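Please read them with the coordinates open.

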Amino acid sequence: MKINLYSTMDREVREFIPLEDTRAGMYACGPTVYNYAHVGNLRTYIFEDILRRTLEYAGYRVEHVMNVTDVGHLTDDQDDGEDKMLKSSRETGMSVWDIADYYTKSFFSDLSRLRALEPTVVCRATDHIEDMIALVKRLEERGHTYESGGNIYFSIDTFPQYGRLARLQLDDLQSGARIAVDENKRNPKDFVLWFTKSKFENQVMLWDSPWGKGYPGWHLECSAMSMKYLGEQFDIHCGGTDHISVHHTNEIAQSEAATGKPWVRWWCHGEFLLDETGKMSKSKGDFLTLDFLEKQGYEADDYRYFCLGAHYRSQLRFSFEALDHARTSRKNLISRILELKRSGVPLPPGPEASEYLGRFEQHAGEDLNMPRCLSELWGLVKDSSIPPQQRLAAAYQMDTILAVGIREAEQPEAGELDEELQELILQREEARRQKEYSRADELRDILLKRGIEIQDTPSGTVWKKRV
Ligand code: AMP
Ligand code: ZN
């Protein structure tokens with residue numbers, strides 16, 4: 001299966017060809033664990049999960065690395081503002097370590113409810129301080145750093161390609177001056193690699209370094225950890241579009257300046273989830289979490305389905321009406337799937353179902369076009385000219401990428417069997433006791449049509465739902 005992927009660096013869709021034949025190295029910027037993830041953040045992780053699943057579907061062994069930022073991320077991405085962890089600690093009275101622990105767990109629980117595959121490596125910034133220090137040393141040896149006011153900065157003037165990803169112009173670089181308040185910087189776009197002069201008196205996360213006790217700048221962790229786990233050159237780096245202009249731009253500068261080699265082959269970015277006022281963000285105060293949606297009676301699958309209704313490179317506006325619509329549509333899909341499941345176990349898809357699958361794969365491979373993939377799925381399940389068991393098999397296959405709960409969809413639980421079915425089971429047992437075998441068989445067939453399979457075992461009659 002061929003995969004074409006949009007590359008932010010080239011501003012075009014290019015055929016994905018990894019560095020190694022069947023291995024795809026993929027790094028995803030993870031959460032800053034000072035608060036719950038909002039559903040906008042989760043949209044980006046759903047996009048990354050689709051990307052990973054599509055690569056796996058196509059036969060690649062994906063090494064999916066995700067960091068957890070538990071130190072160094074300031075409220076402004078450009079070294080300004082307050083440390084996000086400290087701010088949360090002050091507001092909640094919890095220690096920064098407990099905060100990191102609590103929100104990390106909450107984040108991975110969100111991902112698992114959304115059926116996002118667990119990354120193959122999850123790495124915490126605070127466990128990799130040595131790697132970050134080693135990277136700063138390397139940059140220092142190659143002349144890319146300077147010390148000013150107690151902090152170590154990356155000098156962007158030593159890296160002429162700076163800003164290529166974001167297509168930053170010199171003018172933009174100058175206009176950065178309006179934002180930067182750090183007088184230690186030679187160029188307003190220079191950024192901190194290592195802070196020793198913390199502006200926060202109560203900074204508790206501190207480590208020894210050749211430059212003094214301090215803590216790393218935020219961008220450093222992603223360069224250090226991605227290269228540690230994926231090598232100095234790897235295939236894909238992803239995140240949300242808000243990371244293009246500062247975070248990813250600075251990551252590229254540090255990494256390529258340190259190794260002297262081109263770094264990442266595909267930069268892939270997911271577009272924003274919007275609320276009524278624009279980009280959904282935590283700094284606005286109130287924000288929507290997956291927990292909140294669940295408390296309102298939605299399932300995580302509904303939110304995933306809602307996200308798949310838009311291409312990952314288009315902005316998507318959140319509204320409860322739109323989510324309701326997704327929920328109804330998914331419910332209808334699942335009841336059709338249950339109908340198919342009642343017809344028996346999945347059989348290999350025949351030629352007609354394979355046509356749907358072929359188109360599905362083409363759309364998935366064409367820069368992850370999930371809206372089109374969903375319409376192929378719908379076309380398939382509704383196509384009564386194809387035997388139900390073949391439709392089911394093809395739908396299962398599609399669900400390895402979509403992951404909207406098709407495989408897991410279950411008939412009602414034992415205790416939830418409606419009274420009529422329970423009565424039929426009892427009647428059949430009675431018929432057997434009375435040796436009325438043809439009546440018992442007739443009842444068995446009726447139950448089978450209703451999705452209940454009867455088995456007579458030495459220890460008595462048992463039943464199970466057909467899948
Ligand atoms: P953070 O925890 O703030 O570092 O963000 C985690 C991920 O969510 C990053 O990849 C961001 O780019 C992404 N992100 C932040 N806000 C949104 C949004 N409104 N819509 C989609 N993705 C977002
Ligand atoms: Zn990152």
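Predicted model: local features only at pLDDT ≥ 70, side-chain atom pairs only at ≥ 80, totals over all residues.

1. The chain holds 15 helices and 16 strands. Its C-alpha atoms fill a box of roughly 95 × 50 × 45 Å along the principal axes. Of the 467 residues, 55% are buried.

2. Contacts along the sequence. Among contacts in the chain with a separation of 6 or more, 76% are between residues 24 or more positions apart.

3. The sheet of 4 strands. This open sheet has the order β6-β7-β8-β9, and its pairing is antiparallel. The edge strands are β6 (145-148) and β9 (215-216), each of which pairs on one side only. In general, the strands of a sheet pair through backbone hydrogen bonds, either parallel or antiparallel.

4. The β6-β7 hairpin. Strand β6 is joined to β7 (residues 151-154) by 4 bridges, and the two run antiparallel. Within this pair, Glu-147 stands opposite Ile-152 of β7. The two strands form a hairpin with 2 residues between them. Gly-149 sits in the turn and has a positive phi of about 60°.

5. Helix α4 (residues 129-141) lies across β6, β7, β8 (191-195) and β9. The angle between α4 and β8 is about 125°.

6. The sheet of 3 strands. A second open sheet has the order β13-β12-β14, with mixed pairing. Its edges are β13 (278-279) and β14 (316-317); each has a single partner strand, so one side of each is left without a neighbour in the sheet. Strand β12 (residues 273-275) pairs with β13 in the antiparallel sense over 2 bridges. Here Asp-275 stands opposite Gly-278 of β13.

7. Helix α7. What is the span of α7 from its first C-alpha to its last? The helix covers residues 244-259, 16 residues in total, and reaches 21 Å, close to the 22 Å expected at 1.5 Å a residue. Because 15 of the 16 residues of α7 are buried, the helix is largely enclosed by the rest of the structure. Gly-260 follows α7 and has a positive phi, near 75°.

8. The α11-α13 pair. Helices α11 (residues 351-365) and α13 (residues 388-402) pack at an angle of about 10°, with their axes 9 Å apart. That angle makes α11 roughly parallel to α13. On the α11 side the contact is made by Ala-353, Tyr-356, Leu-357, Phe-360, Glu-361 and Ala-364. The α13 side contributes Gln-390, Ala-394, Gln-397, Met-398, Ile-401 and Leu-402. By class, the contact has 9 nonpolar, 2 polar and 1 charged residues. As background to the spacing, an α-helix has 3.6 residues a turn, so residues three or four places apart point the same way.

9. Arg-407. Where does Arg-407 lie? Its place is in the loop between α13 and α14 (419-433). Arg-407 has a relative accessible area of 39%, so this residue counts as partly exposed. Leaving out residues up to four places away in sequence, Arg-407 touches Lys-341, Tyr-396, Gln-397, Asp-399 and Thr-400. Gln-397 is also one of the residues in the contact between α11 and α13. Arg-407 and Phe-306 are 101 residues apart in sequence, and their C-alpha atoms are 18 Å apart in space.

Methods. Residues numbered from 1 in each chain as written. Chains lettered and ligands numbered in written order. Heavy atoms only, no water. Pairing = 2+ DSSP bridges. Contact = heavy atoms within 4.5 Å. Axes fitted to C-alpha atoms, helices over the stretch in contact; angles between N-to-C directions. Parallel < 35°, antiparallel > 145°, perpendicular 65-115°, else oblique. Nonpolar A, V, L, I, M, F, W, Y, C, P; charged D, E, K, R; others polar. Expected span 1.5 Å × (residues − 1). Buried < 20%, exposed > 50% of the residue type's maximum accessible area, 1.4 Å probe, protein only.
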